[in-house]
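Here's a quick briefing on a ligand and the place where it sits. Have the structure open while you read.

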Amino acid sequence: MVNDVYNGIRQIKKEALEESVPIMQDETIDFITNYISSKNIKTILEIGTATGYSSIMMALSNPKVRVVTIEKDQERYKKALKNVKKMDLEDRITLIFNDALEVNLDNKFDLIIIDAAKSKNLDFFSRFERNLEVNGSIITDNLSFHGYVEKDLSLIPSRNIRGLVKKIRAYITFLKENTKYKTKFYDIGDGISVTERRI
Ligand code: SAH
Ligand code: MG
(Lines give C-alpha, C1' and ligand atoms only; values in the text may rest on other atoms or scores of the structure.)
(Ligands and ions follow the chains in the order given, each with its own letter.)
Protein backbone atom coordinates (compact mmCIF):
# COMPACT_ATOMS: atom_id res chain seq x y z
CA MET A 1 0.00 0.00 0.00
CA VAL A 2 2.66 2.50 1.08
CA ASN A 3 4.68 1.38 -1.93
CA ASP A 4 1.69 1.97 -4.21
CA VAL A 5 1.41 5.56 -2.97
CA TYR A 6 5.12 6.11 -3.46
CA ASN A 7 5.08 4.68 -6.99
CA GLY A 8 1.92 6.61 -7.87
CA ILE A 9 3.50 9.90 -6.86
CA ARG A 10 6.73 9.08 -8.63
CA GLN A 11 4.81 8.39 -11.83
CA ILE A 12 2.73 11.60 -11.63
CA LYS A 13 5.86 13.63 -11.03
CA LYS A 14 7.76 11.93 -13.85
CA GLU A 15 4.95 12.54 -16.35
CA ALA A 16 4.67 16.19 -15.30
CA LEU A 17 8.39 16.73 -15.79
CA GLU A 18 8.33 14.95 -19.17
CA GLU A 19 5.48 17.16 -20.35
CA SER A 20 7.14 20.32 -18.93
CA VAL A 21 4.29 20.93 -16.50
CA PRO A 22 5.70 23.40 -13.94
CA ILE A 23 4.99 21.52 -10.72
CA MET A 24 6.19 22.71 -7.33
CA GLN A 25 9.73 21.85 -6.33
CA ASP A 26 10.38 19.28 -3.59
CA GLU A 27 11.49 21.87 -1.04
CA THR A 28 8.35 23.94 -1.71
CA ILE A 29 6.15 20.88 -1.15
CA ASP A 30 8.10 20.07 2.05
CA PHE A 31 7.67 23.61 3.33
CA ILE A 32 3.93 23.63 2.59
CA THR A 33 3.25 20.21 4.10
CA ASN A 34 5.15 21.21 7.25
CA TYR A 35 3.18 24.44 7.37
CA ILE A 36 -0.08 22.46 7.01
CA SER A 37 0.77 20.32 10.02
CA SER A 38 2.15 23.14 12.17
CA LYS A 39 -0.98 25.25 11.63
CA ASN A 40 -3.37 22.30 11.75
CA ILE A 41 -4.73 23.24 8.33
CA LYS A 42 -7.70 21.22 7.12
CA THR A 43 -9.19 23.11 4.20
CA ILE A 44 -7.17 24.32 1.22
CA LEU A 45 -8.07 26.23 -1.93
CA GLU A 46 -5.50 26.01 -4.71
CA ILE A 47 -5.47 28.23 -7.79
CA GLY A 48 -3.60 26.33 -10.52
CA THR A 49 -4.00 22.53 -10.33
CA ALA A 50 -1.95 21.59 -13.39
CA THR A 51 -2.03 17.77 -13.25
CA GLY A 52 -2.84 17.58 -9.54
CA TYR A 53 0.63 16.93 -8.16
CA SER A 54 0.69 19.58 -5.42
CA SER A 55 -2.95 18.92 -4.45
CA ILE A 56 -2.21 15.24 -4.10
CA MET A 57 0.92 15.89 -2.02
CA MET A 58 -1.01 18.22 0.31
CA ALA A 59 -3.88 15.74 0.68
CA LEU A 60 -1.47 12.89 1.38
CA SER A 61 0.29 14.90 4.09
CA ASN A 62 -2.69 14.49 6.42
CA PRO A 63 -5.92 12.46 6.10
CA LYS A 64 -7.90 15.42 7.48
CA VAL A 65 -6.88 17.74 4.64
CA ARG A 66 -9.44 18.60 1.96
CA VAL A 67 -8.46 20.46 -1.19
CA VAL A 68 -10.49 22.41 -3.72
CA THR A 69 -8.36 23.21 -6.75
CA ILE A 70 -9.02 25.20 -9.94
CA GLU A 71 -7.52 24.67 -13.41
CA LYS A 72 -8.46 26.37 -16.65
CA ASP A 73 -6.57 24.14 -19.09
CA GLN A 74 -8.80 21.23 -20.12
CA GLU A 75 -6.04 18.73 -20.86
CA ARG A 76 -4.39 19.35 -17.53
CA TYR A 77 -7.72 19.22 -15.72
CA LYS A 78 -8.47 15.83 -17.30
CA LYS A 79 -5.06 14.54 -16.36
CA ALA A 80 -5.56 15.80 -12.80
CA LEU A 81 -8.89 13.95 -12.60
CA LYS A 82 -7.12 10.77 -13.65
CA ASN A 83 -4.30 11.27 -11.19
CA VAL A 84 -6.59 12.03 -8.26
CA LYS A 85 -8.62 8.93 -9.05
CA LYS A 86 -5.50 6.82 -9.34
CA MET A 87 -4.39 7.97 -5.89
CA ASP A 88 -7.86 7.25 -4.50
CA LEU A 89 -8.34 10.84 -3.30
CA GLU A 90 -11.62 11.77 -5.04
CA ASP A 91 -13.35 12.17 -1.68
CA ARG A 92 -10.81 14.78 -0.48
CA ILE A 93 -9.77 16.63 -3.63
CA THR A 94 -12.39 18.59 -5.58
CA LEU A 95 -11.32 19.67 -9.07
CA ILE A 96 -12.89 22.68 -10.74
CA PHE A 97 -12.40 23.19 -14.47
CA ASN A 98 -12.64 26.95 -15.10
CA ASP A 99 -10.73 30.21 -15.17
CA ALA A 100 -10.30 30.95 -11.46
CA LEU A 101 -11.25 34.57 -12.12
CA GLU A 102 -14.72 33.32 -13.14
CA VAL A 103 -15.19 31.08 -10.11
CA ASN A 104 -17.33 32.13 -7.15
CA LEU A 105 -16.95 30.15 -3.97
CA ASP A 106 -18.88 30.58 -0.74
CA ASN A 107 -16.86 28.46 1.64
CA LYS A 108 -13.88 29.55 3.66
CA PHE A 109 -10.45 27.94 3.67
CA ASP A 110 -7.59 27.71 6.18
CA LEU A 111 -5.05 28.04 3.38
CA ILE A 112 -5.14 29.47 -0.14
CA ILE A 113 -2.34 28.55 -2.55
CA ILE A 114 -1.79 30.88 -5.49
CA ASP A 115 0.14 29.02 -8.19
CA ALA A 116 -1.42 29.95 -11.54
CA ALA A 117 -0.75 32.76 -14.06
CA LYS A 118 2.12 34.71 -12.52
CA SER A 119 0.90 38.04 -13.91
CA LYS A 120 -2.42 37.65 -12.10
CA ASN A 121 -1.38 37.02 -8.50
CA LEU A 122 -3.01 40.24 -7.36
CA ASP A 123 -6.29 39.42 -9.14
CA PHE A 124 -6.41 35.98 -7.52
CA PHE A 125 -5.57 37.46 -4.13
CA SER A 126 -8.31 40.09 -4.42
CA ARG A 127 -10.89 37.62 -5.66
CA PHE A 128 -10.34 34.94 -3.03
CA GLU A 129 -9.35 36.80 0.14
CA ARG A 130 -13.03 36.79 1.12
CA ASN A 131 -12.76 32.98 1.16
CA LEU A 132 -10.03 33.05 3.78
CA GLU A 133 -10.79 31.92 7.33
CA VAL A 134 -10.06 34.53 10.03
CA ASN A 135 -6.84 32.75 10.94
CA GLY A 136 -6.13 31.65 7.41
CA SER A 137 -3.03 32.10 5.27
CA ILE A 138 -2.21 32.66 1.62
CA ILE A 139 0.89 31.09 0.09
CA THR A 140 2.05 32.33 -3.31
CA ASP A 141 4.54 30.38 -5.42
CA ASN A 142 7.15 31.49 -7.99
CA LEU A 143 7.83 34.98 -6.65
CA SER A 144 11.40 34.70 -7.89
CA PHE A 145 10.34 33.43 -11.33
CA HIS A 146 13.53 31.54 -12.14
CA GLY A 147 15.59 34.32 -10.57
CA TYR A 148 14.33 36.99 -13.00
CA VAL A 149 12.52 39.00 -10.33
CA GLU A 150 15.85 39.79 -8.60
CA LYS A 151 17.53 40.73 -11.89
CA ASP A 152 18.04 44.16 -13.38
CA LEU A 153 15.28 44.66 -15.99
CA SER A 154 17.83 45.80 -18.57
CA LEU A 155 19.44 42.35 -18.41
CA ILE A 156 16.20 40.57 -19.37
CA PRO A 157 15.97 40.33 -23.16
CA SER A 158 12.38 39.07 -23.39
CA ARG A 159 9.73 41.78 -23.32
CA ASN A 160 7.17 39.25 -22.05
CA ILE A 161 9.32 38.23 -19.13
CA ARG A 162 10.03 41.87 -18.28
CA GLY A 163 6.27 42.46 -18.15
CA LEU A 164 5.82 39.45 -15.91
CA VAL A 165 8.65 40.53 -13.61
CA LYS A 166 7.09 43.98 -13.20
CA LYS A 167 3.78 42.39 -12.23
CA ILE A 168 5.41 40.06 -9.72
CA ARG A 169 7.35 42.99 -8.21
CA ALA A 170 4.13 44.99 -7.93
CA TYR A 171 2.51 42.04 -6.15
CA ILE A 172 5.46 41.80 -3.72
CA THR A 173 5.13 45.53 -3.00
CA PHE A 174 1.38 45.10 -2.49
CA LEU A 175 2.06 42.35 0.07
CA LYS A 176 4.78 44.34 1.85
CA GLU A 177 2.64 47.46 2.14
CA ASN A 178 -0.59 45.71 3.06
CA THR A 179 -1.88 46.83 6.45
CA LYS A 180 -4.39 43.97 6.76
CA TYR A 181 -1.84 41.21 6.25
CA LYS A 182 1.69 40.42 7.31
CA THR A 183 3.84 38.58 4.74
CA LYS A 184 7.05 36.62 5.05
CA PHE A 185 9.14 35.84 1.99
CA TYR A 186 11.20 32.68 1.69
CA ASP A 187 13.99 31.76 -0.69
CA ILE A 188 12.58 28.25 -1.10
CA GLY A 189 12.14 26.58 -4.47
CA ASP A 190 11.22 29.33 -6.92
CA GLY A 191 10.49 31.80 -4.09
CA ILE A 192 7.36 31.76 -1.95
CA SER A 193 5.48 34.10 0.33
CA VAL A 194 3.35 33.31 3.35
CA THR A 195 0.69 35.89 4.10
CA GLU A 196 -1.18 35.87 7.39
CA ARG A 197 -3.82 38.27 8.65
CA ARG A 198 -2.66 40.88 11.16
CA ILE A 199 -4.74 40.44 14.28
N1 SAH B 1 0.14 23.65 -8.49
C2 SAH B 1 0.64 22.79 -9.57
C3 SAH B 1 1.31 23.58 -10.67
C4 SAH B 1 0.45 24.64 -11.29
S5 SAH B 1 1.16 25.28 -12.78
C6 SAH B 1 1.62 21.80 -8.96
O7 SAH B 1 2.54 22.25 -8.27
O8 SAH B 1 1.49 20.59 -9.19
C9 SAH B 1 0.06 26.60 -13.08
C10 SAH B 1 -1.29 26.19 -13.64
O11 SAH B 1 -2.18 27.28 -13.51
C12 SAH B 1 -1.27 25.84 -15.15
O13 SAH B 1 -1.68 24.52 -15.34
C14 SAH B 1 -2.23 26.84 -15.77
O15 SAH B 1 -3.03 26.29 -16.80
C16 SAH B 1 -3.10 27.25 -14.58
N17 SAH B 1 -3.74 28.56 -14.68
C18 SAH B 1 -3.19 29.71 -15.16
N19 SAH B 1 -4.08 30.72 -15.08
C20 SAH B 1 -5.20 30.20 -14.54
C21 SAH B 1 -6.48 30.74 -14.22
N22 SAH B 1 -6.76 32.02 -14.44
N23 SAH B 1 -7.41 29.93 -13.67
C24 SAH B 1 -7.13 28.62 -13.45
N25 SAH B 1 -5.95 28.05 -13.74
C26 SAH B 1 -5.00 28.82 -14.28
MG1 MG C 1 4.53 27.04 -8.94
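**Ligand 1 and its pocket**

A nitrogen atom of ligand 1 is 2.8 Å from a polar backbone atom of Gly48. Keep in mind that this is a predicted model. Ligand 1 sits in the largest pocket, so let's go through the contacts, then the shell, then the pocket itself.

**Backbone contacts**
- At Met24, a backbone N or O atom lies 2.9 Å from an oxygen atom of ligand 1.
- On its own, ligand 1 has 580 Å² of accessible area, and the protein covers 93% of that.

**The shell around the ligand**
- There are 21 residues around ligand 1, and the ones that come nearest are Gly48, Glu71, Arg76, Ala100 and Asp115.
- Sorted by class, this shell has 10 nonpolar, 7 charged and 4 polar residues.
- At least two shell residues come from helix H3 (53-61), and at least two from strand E2 (66-71).

**The largest pocket**
- What volume are we talking about here? The space in the largest pocket is about 640 Å³.
- Its lining is made up of 30 residues, with Pro22, Asp115, Ala116, Ala117 and Lys118 nearest the pocket centre.
- Asp115 turns up in both lists: it is among the residues that come nearest to ligand 1, and among those nearest the centre of the largest pocket.

Definitions and conventions:
Residues are numbered from 1 along each chain as its sequence is written. Chains are lettered from A and ligands numbered from 1 in the order in which they are written. This is a predicted model: local features need pLDDT of at least 70, side-chain atom pairs count only at pLDDT 80 or more; totals for chains, interfaces and linings use all residues. Side-chain values use heavy atoms; hydrogens and water are left out. A residue is near a molecule or strand if one of its heavy atoms lies within 4 Å of it. A polar contact is a pair of N or O atoms within 3.5 Å; within protein, one must be able to donate a hydrogen and the other to accept it, and residues adjacent in sequence count only if both atoms are side-chain atoms. Accessible areas come from the Shrake-Rupley method with a 1.4 Å probe; for residues, only the protein chains shown count as cover. On a 1 Å grid over the protein atoms alone, a cavity is a set of points where a 1.4 Å probe fits but cannot get out, and a pocket is an open set with protein on both sides within 12 Å along at least five of seven lines; lining residues have an atom within 4 Å of a point. A molecule sits in a cavity or pocket if more than half of its atoms lie within 2 Å of its grid points. Helices (H or I, at least four residues) and strands (E, at least two) are DSSP runs, numbered from the N terminus. Ala, Val, Leu, Ile, Met, Phe, Trp, Tyr, Cys and Pro count as nonpolar, Asp, Glu, Lys and Arg as charged, and the others, Gly among them, as polar. Grid points are joined across faces, edges and corners, and a volume is the space filled by probe spheres set on the points.
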